[in-house]
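Subject: The two-chain model, and what I found in it

Hi,

Here is the structure I promised to pass on to you. Have a look at it first, and then read my notes below with the picture open beside them.

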Amino acid sequence: MNFALPASSEGAALLCSDSDLARFFIRNPGIIDTAEGVGRRLGLSGPAILSELEELVHIGLLAKKELGGHELFLINRAKLGRLTRTE
Amino acid sequence: MLMGGFLEKDAVMLAGSAGAGKTTIALQYLVSGIQESNEPGIYVSFEQLPDQIYRDAKNFGWDLRKMEEENKLRIICTSPDLLFTTESGESILDFPIKDIHPRRIAIDSLSHLSMFAGEKNMRLETYRLISWLKMNNLSSLLLWETSNISGQVSSITDAGLSFLVDTIVLLKFVEIDSAIRKGLVVIKMRGSDHDKKLREYEITSKGVVVSAPFSNYEGLMSGNARRVAKLDQATQNFAEAFSRKKR
């Protein structure tokens, strides 16, 4: 892996979980896109990943913002910082 | 070549075909801004994922993740249509701008934007984008992929965007003695003088290095490079040939 492994148990849990989306956003923290756009990069449709995106917003890894009628998903950098900080 | 560098808040188009080094130059532009001028920057990609960009940049010794952690850089990956500003003037770039207050931005690439905007709307959308960038005090590097790998280029873009930007730098592959070499030339630079020569450049382990102008060749831009002897050497050869005594 090309990035620091998260030291917190929460971060490790996210990475080791089945959440490809969580790992995808942690590896690519600069992604700012709609569900459709994120899905396209994973070879999936927007609806197929929407509920998982909402779950990641719920746990605070992602933020959701509205812009010009689009619902955008982006990483919560404060949360990312806590996850990847070494103890 | 630029008589001191790009002018502040200028929109610079960097045009070249696939593999010419546009992305490397764009990253180097941002990294130099951070390391030499303390100017934070944003890199906007529509195709390459940040993870890949971090990996490729490491080859040049640039730790982009660390620069992001220090809030000096943001590598943004989004869909092209989201870059168009809304009717209220909001932009997806508002998020990273609030984060790090950048002075530079590189957009990779306008060619991707044109696929979404369509030929008719591309000029208007590019004009709006450039105006927005200048209003937000950003010096921009806008990448454009040309279709010709080598040979004559009759227009930089096929969307009529050349007049919208302040500076155009063209990257070209040239064939000399059966080898492909890389050359760059400043086509235009509003408000400043600039080098008119086609110079060779190389992508090294430290990034792009520009060297001397191609000498002894003409026709490089047309794709038909021809070796040309230097005039003074030709004159000397002529004089020597006619001064030899006949046997």
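Let's start with one pair of residues: I203(B) stands opposite V208(B), which is in β9(B). Strands such as this one (E, at least two residues) and helices (H or I, at least four residues) are DSSP runs, numbered from the N terminus. β8(B) and β9(B) run antiparallel and are joined by five bridges, and a hairpin of two residues leads from β8(B) to β9(B). Two strands count as paired if DSSP finds at least two bridges between them. β8(B) is also joined to strand β7 (residues 179-189) of chain B, by two bridges and again antiparallel. There, G183(B) has E200(B) in β8(B) as its bridge partner.

Before going on, a word on what you are looking at. This is a predicted model, in which local features need pLDDT of at least 70 and side-chain atom pairs count only at pLDDT 80 or more, while totals for chains, interfaces and linings use all residues. Residues are numbered from 1 along each chain as its sequence is written, and chains are lettered from A and ligands numbered from 1 in the order in which they are written.

**The sheet of chain B**

Chain B has six helices and eleven strands. Nine strands make up an open sheet with mixed pairing, in the order β3-β2-β4-β5-β1-β6-β7-β8-β9. Its edge strands, β3 and β9 (207-213) of chain B, each pair on one side only. From one strand to the next, the twist averages 25 degrees.

Further along the sheet, strand β1 (residues 11-16) of chain B pairs with strand β5 (residues 139-145) of chain B in the parallel sense, over six bridges. A11(B) has S140(B) in β5(B) as its bridge partner. Helix α1 (residues 22-37) of chain B packs on the sheet, where the strands it touches include β1, β2 (41-45) and β4 (104-108) of chain B, and its direction makes about 165 degrees with that of β4(B). Helix α5 (residues 110-135) of chain B packs on the sheet too, touching β1, β4 and β5 of chain B. Contact here means that the C-beta atoms of two residues, placed from the backbone, lie within 7 Å. The angles run from 0 to 180 degrees between N-to-C directions, with axes fitted to C-alpha atoms, for helices over the stretch in contact.

Is β3(B) enclosed or open? Five of the five residues of β3(B) are buried, so this strand is largely enclosed by the rest of the structure. (Buried means 20 or more other C-beta atoms within 10 Å of the residue's own, exposed means 12 or fewer, and partly exposed is in between; C-beta atoms are placed from the backbone.) L73(B), I75(B) and C77(B) point one way from β3(B), and R74(B) and I76(B) point the other way. β3(B) pairs with β2(B) in the parallel sense over five bridges, and V44(B) has I76(B) as its bridge partner.

L73(B) is also in contact with L30(B), as are G41(B), Y43(B), R104(B) and A106(B). L30(B) is among the residues with the most contacts inside the largest nonpolar core, which has 73 residues. Such a core is a set of buried Ala, Val, Leu, Ile, Met, Phe, Trp, Tyr and Cys residues joined through C-beta atoms within 7 Å.

**Where the chains meet**

17 residues of chain B are in contact with 16 residues of chain A. On the chain B side, α2 (50-58) and β3 (73-77) each give two or more residues.

Chain A has five helices and three strands, in the pattern α-α-β-α-α-β-β-α along the sequence. Of its 87 residues, 30% count as buried. Chain A averages a pLDDT (the predictor's confidence in each residue, from 0 to 100) of 81, and 74% of the residues score at least 70. Confidence is lowest in helix α1 (residues 9-16) of chain A, at a mean of 55, and highest in strand β1 (residues 32-33) of chain A, at 97. Over residues 1-7 of chain A the pLDDT is below 50.

Enjoy exploring!

How values were computed
Lists of a residue's contacts leave out its neighbours within four places in sequence.
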